[in-house]
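Here are a few exercises to work through with the model open in your viewer. Each one has a task, then a solution in steps.

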Amino acid sequence: MPVTRCVCHDVTFAELKDLAQQLGPDLDSLSKRTGCGTGCGTCVPYIQLMLKTGRTEFPVLTGAQFASLLHAQPAPRAQAARLT
Ligand code: FES
């Protein structure tokens, strides 16, 4: 089952993505508006990934996977073109 929301505050990553277009890509602003991330905190790294990648659905990820994805540099355009 994909991870798609902050369960504690029943707000989807898609809703947060839309809200981020109004408020800016800032977790604190999203949290103040919706409460996301202020319960158990499990959704916080997923929201950070959503803000970085634009994705709104994720597999369950480990801490190492979050670290790798959150700190990965975007591929240069030439490399990205070769990868597609
Ligand atoms: S799932 Fe978002 S704070 Fe618990």
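**Exercise 1.** Work out how α3 and α4 are oriented relative to each other: roughly parallel, or roughly antiparallel?

Solution. Keep in mind that this is a predicted model. Start with the axes: those of α3 (residues 44–53) and α4 (residues 63–71) come within 10 Å and cross at roughly 25°. Angles under 35 degrees count as roughly parallel. So α3 and α4 are roughly parallel to each other. As for the handedness, α3 passes α4 in a left-handed crossing.

**Exercise 2.** Find which residues of α3 and α4 meet, and sort them by type.

Solution. On the α3 side, pick out P45, Q48, L49 and K52; on the α4 side, they meet F66, L69 and L70. Now sort the contact: 5 residues are nonpolar, 1 is polar and 1 is charged.

**Exercise 3.** Sketch the overall layout of the protein chain: what is the order of its elements?

Solution. Tally up 5 helices and 2 strands. Reading from the N terminus, you get β-β-α-α-α-α-α. To finish, note that 17% of the 84 residues are buried.

Terms used. Residues are numbered from 1 along each chain as its sequence is written. This is a predicted model: local features need pLDDT of at least 70, side-chain atom pairs count only at pLDDT 80 or more; totals for chains, interfaces and linings use all residues. Helices (H or I, at least four residues) and strands (E, at least two) are DSSP runs, numbered from the N terminus. A residue is buried if 20 or more other C-beta atoms lie within 10 Å of its own, exposed if 12 or fewer, and partly exposed in between; C-beta atoms are placed from the backbone. Axes are lines fitted to C-alpha atoms, for helices over the stretch in contact, and angles run from 0 to 180 degrees between N-to-C directions. Angles under 35 degrees count as roughly parallel, over 145 as roughly antiparallel, 65 to 115 as roughly perpendicular and the rest as oblique. A crossing is left-handed if the near helix is turned anticlockwise from the far one by less than a right angle, and right-handed if clockwise. Two residues are in contact if their C-beta atoms, placed from the backbone, lie within 7 Å. Ala, Val, Leu, Ile, Met, Phe, Trp, Tyr, Cys and Pro count as nonpolar, Asp, Glu, Lys and Arg as charged, and the others, Gly among them, as polar.
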